[in-house]
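Please look through the structure below with this short report at hand. It moves from one residue to the whole fold.

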Amino acid sequence: MRETLVLNASFEPLSTVSLRRAVVLVMQDKAVVENAHPGLRIRAASVDVPVPRVIRLSRYVRVPFRRRASWSRRGVLVRDQHRCAYCGRRATTVDHVVPRAQGGEDTWLNTVASCAEDNHRKADRTPEQAGMRLLRKPFEPTPADAMLSALGVSVREELPDWLRALPA
């Protein structure tokens, strides 16, 4: 399912939503389409709406300041581009660098994407104990980077000029 970026009325990025939710917001006049997929439209008997990439809320929504992107299994897979941190193949699971059995927690810096084979081989050990090495170190994305990753945009330069200028 396609993800759609939601901008506040002030053009600051708020979140991503499903295509279905984005269309509902547009149909209820709670949002306007700022950027659409070229040539794609949603049509019904009385509806003809462009497939939105980016929508902007019609009214300003006050949100508390977010310093950190919230951790999620899906977020780790997206951050690591669904690539195993140990072998580089397609990742389907999340592995704890310091296992939960040894006090490791669900944090950005302690989790990496992993294929099922490497996750099973590492088991309840650290990479050093298992004789495995990480191809890349885990990092904590900014909230804006987490949203862009969820949209499938790996580099800010892939965005349209007007969206690239938004605050990170």
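## A residue in a loop

Is Asp80 buried or exposed? Asp80 is buried, with a relative accessible area of 6%. Buried means under 20% relative accessible area, exposed means over 50%, and partly exposed lies in between (1.4 Å probe, protein chains only). Accessible areas come from the Shrake-Rupley method with a 1.4 Å probe, and for residues only the protein chains shown count as cover.

Asp80 sits in the loop between helix H2 (73-79) and strand S5 (93-96). Leaving aside neighbours within four places in sequence, Asp80 is in contact (heavy atoms within 4.5 Å) with Val112, Ala113 and Arg136. A polar atom of the Asp80 side chain lies 2.8 Å from the backbone nitrogen of Ala113.

## About the model

This is a predicted model, where local features need pLDDT of at least 70 and side-chain atom pairs count only at pLDDT 80 or more, while totals for chains, interfaces and linings use all residues. Residues are numbered from 1 along each chain as its sequence is written, and side-chain values use heavy atoms, with hydrogens and water left out.

## The overall fold

The protein has six helices and six strands. Helices (H or I, at least four residues) and strands (E, at least two) are DSSP runs, numbered from the N terminus. From that end, the elements run β-β-α-β-β-α-β-β-α-α-α-α.

Of the 168 residues in the protein, 39% are buried. The protein exposes about 10300 Å², and carbon and sulfur atoms supply 51% of that area. Take the contacts between residues at least 6 apart in sequence: 58% of them join residues at least 24 apart.

## The four-stranded sheet

Four strands form an open sheet in the order S2-S1-S4-S3, with mixed pairing. Two strands pair if DSSP finds at least two bridges between them. S2 and strand S3 (31-43) are the edge strands, and each pairs on one side only. On average, neighbouring strands of this sheet are turned by 35 degrees against each other, direction ignored.

S3 and S4 pair in the antiparallel sense over eight bridges. Arg43 stands opposite Asp48 in S4. H1 lies across strand S1 (3-7), S2, S3 and S4, and runs at about 90 degrees to S4. Axes here are lines fitted to C-alpha atoms, for helices over the stretch in contact, and angles run from 0 to 180 degrees between N-to-C directions.

## Nonpolar cores

In soluble globular proteins, nonpolar side chains tend to be buried together. A nonpolar core is a set of buried Ala, Val, Leu, Ile, Met, Phe, Trp, Tyr and Cys residues joined through side-chain atoms within 4.5 Å.

The largest nonpolar core has 11 residues, including Val6, Leu14, Leu25, Val47 and Ile55. Strand S2 (13-18), helix H1 (19-27) and strand S4 (48-57) each give two or more residues to this core. Another core lies apart from it, with eight residues, among them Ala85, Val112, Cys115 and Ala130.

Most residues other than glycine have a negative phi. Phe11 lies in the loop between S1 and S2. Phe11 is partly exposed, with a relative accessible area of 31%.

Gln81 has a positive phi of about 55 degrees, and Gln81 is not a glycine. Gln81 is in the loop between H2 and S5. Gln81 counts as exposed because its relative accessibility is 52%.

How values were computed
Polar contact = N/O pair within 3.5 Å; in protein donor to acceptor, adjacent residues only side chain to side chain.
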